[in-house]
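Dear colleague,

Please find below the structure that I am handing over to you. My findings follow directly after it.

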Amino acid sequence: MKTKFSILLFLFSFMMINAQSFEKLLFSKKDIPTVIINGNIIANQEVSTSIPKAKIKSIAVKKAAENAINFSNLSEYGFILFTVENPEIEVKSQEEIRKFFGVDAKTKIYVDGFLVDNDDMKIASKAIKEVEIISPNERDLLAEKIINIWTLEKDSRLAGKNSGLIKINK
């Protein structure tokens, strides 16, 4: 009986660990939710506050990957989901970013240290603060070249007094 219980406990623990794992870099954002506009644009606080209130149809704050099938890997710190009527936001597709930096079409793209696992996701141009091209190395435990796009200012990337706060202009 103890053996069966131990096996069951081990399997349950293993499933819980895997259910909450995220493909991310060693240096990734902390305690800040991901901003998603219309389900396919990754943005940041600056972009969200620039949207006129009249164009915002809804704002939803999700604690985890609820209804976030297309961007579940970005959900560790939750989401702020905006539905915007006719967004006039300049965006860059992942393909455009790869082409601009002259990297292979299979090069993975990360945003704020988290893998963007849906090729249909775009990144708001105004949200891009810094781009890192990280070559394979032992320090970051990488086996392949990747692109990491920071949408946060350097002082906001780690947990701190500004983390997790998004101000919406009224």
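Of the 170 residues in the protein chain, 36% are buried, where buried means under 20% relative accessible area, exposed over 50% and partly exposed in between (1.4 Å probe, protein chains only). This is a predicted model, in which local features need pLDDT of at least 70 and side-chain atom pairs count only at pLDDT 80 or more, while totals for chains, interfaces and linings use all residues. Residues are numbered from 1 along each chain as its sequence is written, and side-chain values use heavy atoms, with hydrogens and water left out.

The accessible surface of the protein chain comes to about 10,800 Å², and 56% of that surface belongs to carbon and sulfur atoms (Shrake-Rupley method, 1.4 Å probe; for residues, only the protein chains shown count as cover). Among contacts (heavy atoms within 4.5 Å) between residues at least 6 apart in sequence, 71% join residues at least 24 apart.

The protein chain has three helices and ten strands; these are DSSP runs numbered from the N terminus, with helices (H or I) of at least four residues and strands (E) of at least two. From the N terminus on, their order is α-β-β-α-β-β-β-α-β-β-β-β-β.

An open sheet with mixed pairing is formed by four strands in the order 7-6-10-9, two strands being paired if DSSP finds at least two bridges between them. Its edge strands, each pairing on one side only, are strand 7 (114-115) and strand 9 (130-134). Strand 9 runs antiparallel to strand 10 (residues 146-150), and five bridges join them. E132 has N148 in strand 10 as its bridge partner.

Helix 3 (residues 94-101) packs on this sheet, where it touches strand 6 (108-111), strand 9 and strand 10, and its direction makes about 115° with that of strand 10. Such angles run from 0 to 180 degrees between N-to-C directions, and the axes are lines fitted to C-alpha atoms, for helices over the stretch in contact.

Which residues of helix 3 are buried? They are Q94, I97 and R98. Seen down the axis of helix 3, these buried residues fall within an arc of 95°, so they line one face of the helix; the arc is that of the directions from the helix axis to the C-beta atoms. Their cover includes strand 5 (91-93), strand 6, strand 8 (122-124) and strand 10. The face turned away from the buried side carries the exposed residues E95, K99 and F100. After helix 3 comes G102, with a positive phi near 65°.

With kind regards
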